[in-house]
Amino acid sequence: MMEITLNHYLILSTLLFAIGLIGVMRRKNLLMLFFATEILLNSVNIAFAAISHYYGDLTGQMFAFFVIAIAASEVAVGLGLLIIWFKRTNNIDLDAMTSMRG
Amino acid sequence: MMEMYLYLALFAPLAGSLFAALFGASPKTLWTGLITSGLLFTSFVSSVILFSYLLSGGEVIHVEMMTWMATGNLYIPFGFVVDEVSATMMIVVTTVSTVVHVYAIGYMDHDKGFNRFFSYLSAFVFSMMVLVMSDNFAGLFIGWEGVGLCSWLLIGFWYHKETATWAANEAFIMNRIADLGMLIGIFLIYWNTGSLQYDKVFAEVPYLDIDTVTMIGIFLFVGAMGKSAQFPLHTWLADAMEGPTPVSALIHAATMVTAGVYLVIRANPIYDLIPDVGYMIASLGAFVAIFAATMALVNRDMKRIIAYSTLSQLGYMFVAAGLGAYWVALFHLMAHAFFKALLFLGAGNVMHAMDDELDPVKMGGLRHAMKWTMVMMTLASVALAGIYPLAGFFSKDKILEVAFSGDHYILWGTLWVTAGLTAFYSFRLIMLAFFGEKRHEALGFHPHEAYKYVLWAMSPLAVLAVIAGWFEHEFVHFITHLLPNFEFHTHHVEMILIIVTSMIALGGIITAIMLYKNGPLSKKWEERPCYKVLINQYFIPQFYEEFFTKPYRELSRVLWKEVDMKIVDASVDGIANTIYGTGEKTRHMQDGNLSSMLRWMVIGLLILLTLAAAFSFGTSDTVQQALSDLGAI
Amino acid sequence: MFEAIAFYLFAFLTVAMFSITVLTSQALYALTSLAAGMIFISAFFFLLGADFLGAVQIIVYTGAVMALYAFGMMFFDTTRELKEKNSSSMIVFGLSGLAALMVVVIFVTPIASEHISAIYPMHENVGNTQEVGMILFTKYLVPFEVAAVMLLVAMISGIVLAGKKMDRSLTQMSEEEIQSMQESDKKAVL
């Protein structure tokens with residue numbers, strides 16, 4: 001109980017990932033959806049860092065860096081697109097985005 | 001040098017065919033007919049040069065154009081040979097086809113498919129040349145199928161006519177049945193001798209088991225039966241008269257139907273070893289001769305009468321070939337080609353004059369309008385009847401002598417009676433069509449003579465029908481380089497036989513003239529049962545219809561309704577419907593809403609995770625250990 | 001002992017913060033709790049000895065990303081209460097729970113854990129930042145440069161996308177609209 005093992009971190013990471021998934025599926029506001037994806041990415045980062053620590057290998061941390069870099073780019077591009085969409089439709093509700101309807 | 005002529009003879013018709021095919025879909029252009037005829041004439045001239053080369057003692061020309069198949073032990077080249085037999089066949093084929101080409105320019109004058117017709121006709125000649133010139137059974141088979149295909153195309157040339165397409169299919173299907181036999185024969189040859197080259201096969205055959213050779217001989221003859229329309233595969237030939245008349249003259253009288261005889265002649269080393277099969281062939285030939293001749297007696301369709309006559313004469317040829325007198329068969333084949341083609345072309349003129357009316361009973365007195373046609377047809381009929389000194393006399397008489405010489409008196413008797421019947425039905429046709437009252441006037445026909453150049457085109461055949469028999473001794477000398485000579489034992493009775501045969505032929509002619517002097521016989525004749533049997537072709541077509549076609553149709557219907565629709569189609573449709581239904585149901589997944597798409601994505605992720613979990617569970621060491629422990633227990 | 005207390009504390013805090021982010025109907029609450037969660041996550045990094053990563057986490061997320069989101073929110077004016085139709089939350093929670101369960105199952109089953117050996121082992125006596133620098137600029141130099149280019153591209157694209165006239169789409173406009181637009185542009189230039 002007192003000894004914190006790798007599994008503790010992994011389960012925490014999984015828990016956060018599940019929360020992120022709930023957000024991804026539940027949110028209808030596009031901005032909120034972005035928040036949820038941030039949670040997903042961060043939960044994975046925890047897992048990477050934990051594995052890196054417990055195996056004494058730096059590769060996990062390297063991956064976490066690149067994940068952060070990707071998250072940053074994603075936010076930049078995603079927000080840009082979001083702004084365009086908002087300018088055009090004055091709405092960022094997911095249910096209103098139905099131009100892909102089959 | 002001679003090789004060049006060989007290739008010229010072979011490929012000139014192909015060139016013509018391809019050339020005409022270029023304009024196949026366009027309306028009539030006279031020069032397609034002229035060019036194909038010209039190329040045919042080139043082929044004819046080349047054949048004559050090759051023939052005279054061989055006649056003057058030249059070597060047999062044997063070329064191998066290129067390799068066709070070479071896999072493992074199988075080696076089949078595109079090889080061609082010009083020896084005495086194929087040279088004779090080439091002369092016959094090119095002569096008749098050149099005449100028919102020129103004739104067809106006139107005959108098909110008003111036809112929409114003029115160019116197409118010449119394309120097919122030249123393609124036929126090419127196939128026939130391949131058939132007779134090939135130096136192996138595979139090449140022969142290609143030619144064999146080629147002529148079958150062209151025959152189908154040409155019988156069904158007027159494809160908008162239901163009867164024509166039906167007849168074309170009948171001919172094609174019957175020939176396929178027979179070709180299966182032939183193919184089996186060829187396989188047997190290859191299986192037992194390891195080669196398909198004539199020379200190798202024939203060198204090998206004497207060392208084979210006699211049963212094997214018998215099988216080969218029978219199967220090859222089955223193929224010959226189909227192509228030469230021997231009983232019981234004879235029905236297609238009479239129906240094939242639906243095709244244009246030049247086609248009937250070329251394919252269904254002079255060349256293609258004699259391919260069966262050619263095959264037997266070509267395979268003479270095989271048939272020499274199996275005289276029993278030969279005797280069977282001869283017996284069948286004699287039967288077909290009289291059988292077809294009786295059907296010709298009463299028929300009221302001009303072309304069908306001639307077609308039955310062709311059948312009957314093919315029977316004669318098979319008698320000679322079956323009894324080992326191969327050169328006699330070839331001789332009759334040649335003579336018959338000339339006068340029968342002439343007869344058909346004459347019939348074509350009459351048909352044209354009578355607006356495609358074929359019933360000779362409705363004609364009568366045509367001699368006034370069509371003098372030259374009448375002369376040529378009479379000439380051909382006299383030749384067919386076998387009256388001295390025309391071509392038919394020499395060849396047919398020789399066949400009777402062959403039968404007599406082998407002490408096959410029943411065969412001889414059959415053929416002797418047939419000779420009388422032949423003379424009778426030939427002159428029945430002549431009398432009904434050209435003499436007597438002008439019955440056609442009452443029916444409103446205005447017959448006219450054919451074009452001058454058409455008549456000129458026919459004249460070589462007329463000349464050949466007269467003189468072809470005069471060169472018997474030269475021919476025997478020439479052909480026996482390759483074919484075995486036949487020992488006649490009839491020198492003591494030769495004159496008597498000739499006289500007896502001529503008597504019955506003359507008797508037949510005189511009877512016909514006397515009976516039909518005043519037009520057709522009274523209706524009373526048509527009430528008689530024997531007439532009924534003959535006009536219905538011994539009820540054989542009906543028999544086939546009842547016992548082969550109808551059960552087959554029923555079987556097909558059952559297979560269609562029960563097997564195809566309920567099993568094959570149903571399963572295929574089932575698959576399609578399942579996929580379609582799945583698509584229809586899962587279409588709602590693509591509702592364009594990002595939220596639900598994400599939800600589906602998570603479901604997909606869940607499935608993947610489950611798989612990964614199952615996989616890792618299955619491959620983990622402890623589980624493997626536990627599983628192997630279980631297995632050990 | 002200290003480690004365990006710290007872990008449980010921060011675990012509770014991050015889960016709570018992220019739950020608020022996901023479940024709240026106030027955009028501002030969501031943003032604030034997300035930022036807080038990010039900072040708490042960096043605590044795990046420090047706990048795990050990944051000091052540099054923790055620093056980067058705070059700088060990049062709470063410094064840069066959150067600032068971006070904050071500006072975005074100002075732009076969209078989402079301070080008002082969010083109206084979201086959440087119909088089948090059972091499905092959402094169920095799916096997430098199942099997914100988490102599966103992941104845990106995979107973690108728990110001993111896969112090949114014994115056979116893992118470190119490719120870039122950590123060294124004693126060397127600071128984490130130094131080690132990270134060593135590896136990042138040797139073994140991961142190329143991916144690092146690629147990531148740099150990617151960030152540059154993302155920056156430019158963010159500027160362009162948010163720039164002028166990007167709210168108009170030539171593909172979705174009719175011919176006349178395009179023409180009138182071009183004419184008005186000309187006028188503006190003149």
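How many residues does the contact take from chain C, and how many from chain A?

Reply: Keep in mind that this is a predicted model. The contact takes 61 residues from chain A and 70 residues from chain C. On the chain C side, six helices each supply at least two of the residues that touch chain A: α1 (2-23), α2 (27-47), α3 (51-76), α4 (89-108), α5 (128-136) and α6 (141-162). The largest share of that side comes from α4(C), with 11 residues. If you sort the chain C residues that touch chain A by class, you get 53 nonpolar ones, along with 12 polar and 5 charged.

Now for chain A itself. You'll find 3 helices there and 0 strands, so going by the DSSP runs, the pattern along the sequence reads α-α-α. Chain A has 102 residues, and 56% of them are buried; to count as buried here, a residue needs 20 or more other C-beta atoms within 10 Å of its own. As for how the chain contacts itself, take the contacts in chain A with a separation of 6 or more: 48% of these are between residues 24 or more positions apart.

Then there's chain B. Here 11 residues of chain A are in contact with 10 residues of chain B. The chain A side of that contact splits into 6 nonpolar, 2 polar and 3 charged residues.

Notes
Residues are numbered from 1 along each chain as its sequence is written. Chains are lettered from A and ligands numbered from 1 in the order in which they are written. This is a predicted model: local features need pLDDT of at least 70, side-chain atom pairs count only at pLDDT 80 or more; totals for chains, interfaces and linings use all residues. Helices (H or I, at least four residues) and strands (E, at least two) are DSSP runs, numbered from the N terminus. A residue is buried if 20 or more other C-beta atoms lie within 10 Å of its own, exposed if 12 or fewer, and partly exposed in between; C-beta atoms are placed from the backbone. Two residues are in contact if their C-beta atoms, placed from the backbone, lie within 7 Å. Ala, Val, Leu, Ile, Met, Phe, Trp, Tyr, Cys and Pro count as nonpolar, Asp, Glu, Lys and Arg as charged, and the others, Gly among them, as polar.
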